[in-house]
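Let's take a guided walk through this model together.

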Amino acid sequence: MDRECVSLLPSVCEVLAAPGRSLPDDTSLEKLLDWFSGLTEAGGSLLEACPCLLEFTSTVVHNTASDPGVLSFTLRLTGLMAAAEDGFKKLQERSVLNQVFHLQHWQEAGLWEDPCLRIGWIQGLRSMLQHPKALGFFVQSDFIDPLLQLQTDTSLFVASAANQMLAHILLFFQPVSCLGCNGVDKKEEEDDDGRTHTSGEYTAAVTAISEYLKVSLVPKKYTKLRQSLQILKLLALLLAQAGPPLWDKLLHTVADSLEELVTAGCSQLTLPLMDVILAACSSSGADERVPDQRVGRLLSAMLNVNKPADLIHAAAAFLRRGHHDIVHTTRAVRILLLPLHIVTGQTLLGTNTTADEHQSSVVEQLKCKTSCISIICVCLTNTPRITLSPSGVLPCPPDLIVTAVLSLLRICSGVSSSSSSTSCSEVCRNVIGSGKVQKCALEALTALNSSPGAKEKISEVFTVLMQYLDNPDSDPTVLHKSFQAIVKWTSVSTELSFATDQLRRDLVEIVKKRVCDMRWEVRDSTVEFLGHLAGVRVSVSTAEEVCDASHVLLGGCCTTPLLKEALQDTESYVRASAISALAKSLTHGWQQGTALSEEETEIVSRLLEILSQDTEGFPRRAVVQYFISWFSSRSSSASPSASSASLLKQCVRSVLSQGSADLDWEVKVHTLELAELVLDEAFSGHLGYRKGSDKPRALQHSYGVVSEQTYTLHTRTEGAESALASVVKLGVISALLSGLVDCDRPVGLRACRVLMTLRDAVCPDATAAVAAVSCELPGSGWGQEIRKTLGMKRSDIAAERGIGGADEGGDSGSVSVCEALRSLGLDERLDVLTQSSDHIHNSPLSLLKDILTTSAAHTHPDTQPGQEVIVDCY
């Protein structure tokens with residue numbers, strides 16, 4: 001511990017112990033506890049390092065006039081000091097634990113009514129209960145009953161803390177034979193006389209807690225549902241992590257109460273009950289393929305409840321957990337397919353459905369519009385998972401489920417009605433025009449593209465999706481999901497043989513219409529669709545030639561013109577999406593080294609205009625990313641045309657210049673990414689240079705945009721001078737130096753890392769020719785900052801050598817790149833940039849000084865009225 005902190009702590013304790021003293025802010029005590037916790041976790045002893053804490057604790061406990069927050073802090077601090085056995089022993093010898101946690105003391109003082117004190121009592125004991133001696137003290141002090149009473153405390157925070165405390169006691173102190181089941185690794189501990197610590201205290205705790213859970217599970221009144229919910233939440237946690245003896249004890253004790261809850265049929269408890277049952281299925285105490293008989297009975301009962309909505313939710317919860325119990329999985333699948341079977345008229349459950357005892361009750365439930373929509377959406381969400389079930393589980397072929405979803409989409413849009421009996425027409429009316437069902441069905445359809453038999457359904461899928469895209473009543477989200485579904489299903493058939501000429505014409509007309517929609521969300525979804533479709537690679541049916549799906553489905557003639565027009569859109573999101581879509585649609589040509597068309601050249605000019613003139617950040621970010629894609633997509637095996645290569649070089653210079661001066665920090669970070677790509681290409685093959693994709697993980701930081709691979713050292717060393725001169729000419733070095741002194745830390749951090757990479761590659765063995773390569777610096781702004789830094793470094797070096805002061809560079813227009821890389825103090829700057837923003841002010845020493853300063857200001861007679869004491873932020 002810092003010596004100055006130790007010297008200040010007694011004064012801080014005196015301030016905290018004195019009644020009526022104010023603190024700098026509400027989180028000061030939490031900060032102190034965080035600091036003490038860190039010291040304890042590092043293996044230090046608080047009592048040895050801070051002996052004043054013992055006296056502080058005794059003083060506060062006996063002074064009931066202390067602030068409740070300070071009292072709560074003292075309880076938690078005591079538990080922290082007693083977490084280690086040596087600290088526990090010292091506190092016991094001084095009778096501090098009995099004083100601090102003595103419940104009657106706080107009740108008689110009238111302080112127990114404050115939830116702040118109650119939660120301090122719970123959390124203090126929770127911190128202390130890390131070894132058997134602490135458990136012995138807890139049980140022998142009869143603290144179990146008060147803790148159980150706090151489970152239903154009026155304060156949700158207190159009740160939650162008490163809940164977590166019970167879980168900790170049962171799981172942490174399990175017998176050694178249980179360990180490994182719940183991930184806790186503890187060794188059997190011994191008392192001072194060498195005998196193994198008995199498990200009597202733990203057995204007593206388990207018995208008391210189990211009986212409490214049994215009695216409290218079933219609510220006596222409807223108003224006590226919150227208590228049942230809390231207990232079920234605790235049980236789910238315990239059964240999921242308990243080892244076999246504890247698991248069996250808990251389940252044996254509460255099984256009857258759980259069955260009573262299932263029978264009661266309380267809808268609010270359906271999902272919590274399923275959580276408990278499924279936790280029991282998944283735990284080490286049960287084999288999910290052959291569930292424990294008690295668990296199996298509970299599960300069967302939940303999958304046979306009378307309320308259709310509860311039945312559906314229970315089946316969905318079971319299926320989500322991915323259990324392999326064939327009997328219950330088959331049951332859950334049939335339950336979830338039943339509503340779709342009823343609404344669509346598809347024979348999803350086979351022809352013999354009259355025997356299904358829940359069909360009539362489900363039909364009645366579906367006649368209520370609200371519950372109908374809710375039930376249908378739950379079923380749709382689970383259809384992709386259902387189609388992947390084993391053949392013995394599914395009551396119908398998987399492709400029939402796709403057909404049912406398509407039928408439901410037709411019903412929703414009013415195109416068709418159910419082919420089932422006329423008694424279900426009322427059910428069908430409930431879903432017509434329902435945007436919620438449409439969205440859920442489209443999401444399900446999108447996910448069903450990978451289900452067995454999907455390929456045979458692609459033509460039918462496209463027909464329905466085209467109807468939705470052409471429907472003037474479709475809302476923007478429905479259209480967006482329809483476009484997403486088309487992209488997903490396009491990848492199902494690699495040659496797109498289903499695409500008729502009529503389908504292509506219809507799709508082109510729809511896209512042209514939607515890209516001009518009055519709603520910007522629709523225009524945005526349409527241009528995104530064009531980009532995503534261009535990214536799907538398919539085969540041409542007559543040969544093995546591969547092209548993008550937009551070429552096959554849209555004829556390749558409308559994508560670029562439509563996206564080019566979208567660059568003029570009034571909405572910035574649409575402009576940004578259009579730029580990204582253009583990059584995706586042109587990637588294949590870049591990879592092949594194809595010469596740019598006149599239209600593509602015009603697009604490049606327009607993008608540079610956007611970078612320099614657009615008032616919104618989204619399009620400008622997209623422009624820089626466009627050029628990153630262009631630069632990185634060029635294949636080394638393909639030779640780009642001379643005109644294309646020349647234009648790209650000009651664009652890179654312009655983007656680096658404009659992007660590094662942008663006001664948006666993300667634009668600047670993307671600009672530095674482009675600068676790094678240019679460096680990687682220029683210095684590829686030079687000894688010591690690490691490409692952006694080769695940087696070691698040790699150099700990573702959350703603010704930097706760098707990769708996570710290992711070092712790759714190259715073998716060639718010639719040409720360093722020309723490589724360095726070329727990147728200087730393109731403006732790479734200027735962009736990096738500008739970023740280095742940028743006010744946005746992510747920008748400075750990235751620039752610093754890239755400059756360090758360049759320094760390590762060219763500076764150690766720089767020849768005279770390499771050292772002579774210079775970079776122009778502007779007379780103001782970042783150039784002035786760089787010259788100032790270089791001047792200070794020269795002065796430091798001159799002082800060390802005992803020579804006259806160094807010239808700071810004045811208004812010199814250029815600087816040697818190597819000299820700058822050596823003299824800018826990149827390593828020191830990186831250390832500062834990688835530290836958190838509060839590394840100077842948010843420290844234990846600063847915190848202690850704040851508390852003392854505020855206390856002095858509070859009592860100082862010269863304090864001016866209204867004068868505010870400024871303290872550090874946390």
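**A walk through the predicted model**

At 33% relative accessibility, Ser95 counts as partly exposed; buried means under 20% relative accessible area, exposed means over 50%, and partly exposed lies in between, with a 1.4 Å probe and protein chains only. You will find Ser95 in the loop between α6 and α7, where helices (H or I, at least four residues) and strands (E, at least two) are DSSP runs numbered from the N terminus. The phi of Ser95 is near 60°, a positive value in a residue other than glycine. As background, most residues other than glycine have a negative phi, and most peptide bonds are trans.

Before going on, a word about the ground rules: this is a predicted model, in which local features need pLDDT of at least 70 and side-chain atom pairs count only at pLDDT 80 or more, while totals for chains, interfaces and linings use all residues. Residues are numbered from 1 along each chain as its sequence is written, and side-chain values use heavy atoms, with hydrogens and water left out.

Now look at Asp142, which also has a positive phi of about 60° although it is not a glycine. Asp142 lies in the loop between α10 and α11. With 58% relative accessibility, Asp142 counts as exposed.

Asp142 follows α10, so let's step back into that helix. Is helix α10 (residues 132-140) mostly covered or mostly open? It is mostly covered, with seven of its nine residues buried. Those buried residues of α10 are Pro132, Ala134, Leu135, Gly136, Phe137, Phe138 and Val139. The elements covering them include α6 (85-93), α7 (96-101), α9 (115-128), α11 (144-149), α12 (156-172) and α13 (200-217), where contact means heavy atoms within 4.5 Å.

One of these covering helices is α6. Two packed helices are described by the angle between their axes and the distance between the axes. For α6 and α10 the angle is about 40° and the axes are 9 Å apart; axes are lines fitted to C-alpha atoms, for helices over the stretch in contact, and angles run from 0 to 180 degrees between N-to-C directions. That makes α6 oblique to α10, given that angles under 35 degrees count as roughly parallel, over 145 as roughly antiparallel, 65 to 115 as roughly perpendicular and the rest as oblique. Glu85, Phe88 and Gln92 of α6 make the contact with Lys133, Ala134 and Phe137 of α10. By class, this contact has three nonpolar, one polar and two charged residues; Ala, Val, Leu, Ile, Met, Phe, Trp, Tyr, Cys and Pro count as nonpolar, Asp, Glu, Lys and Arg as charged, and the others, Gly among them, as polar.

Another helix covering α10 is α9, and α9 has a partner in helix α5 (residues 68-81): their axes come within 7 Å and cross at roughly 10°. That makes α5 roughly parallel to α9. Among the residues in contact are Gly69, Ser72, Arg76 and Gly79 of α5, along with Gly120, Trp121, Gln123 and Gly124 of α9. The residues of this contact divide into nine nonpolar, seven polar and one charged.

Further along, helix α14 (residues 225-241) packs with helix α16 (residues 270-282) at an angle of about 15°, with their axes 8 Å apart. These two are therefore roughly parallel to each other. Here Leu229, Leu232, Leu235, Ala236, Leu239 and Ala240 in α14 meet Pro272, Leu273, Asp275, Val276, Ala279 and Ala280 in α16. That contact divides into eleven nonpolar, no polar and one charged residue.

Next, find Glu676 in helix α35 (residues 665-682). At 4% relative accessibility, Glu676 counts as buried. The C-alpha atoms of Glu676 and Arg750 are separated by 9.6 Å, and the two residues are 74 residues apart along the chain.

Zooming out, the protein chain has 43 helices and four strands. Of its 874 residues, 52% count as buried. Among contacts between residues at least 6 apart in sequence, 72% join residues at least 24 apart.

How far can you trust the picture? The chain averages a pLDDT (the predictor's confidence in each residue, from 0 to 100) of 84, and 84% of the residues score at least 70. Over residues 179-198 the pLDDT is below 50, and this stretch has 29 contacts in the model beyond near neighbours in sequence. Where pLDDT is low, the predicted coordinates should not be read in detail.
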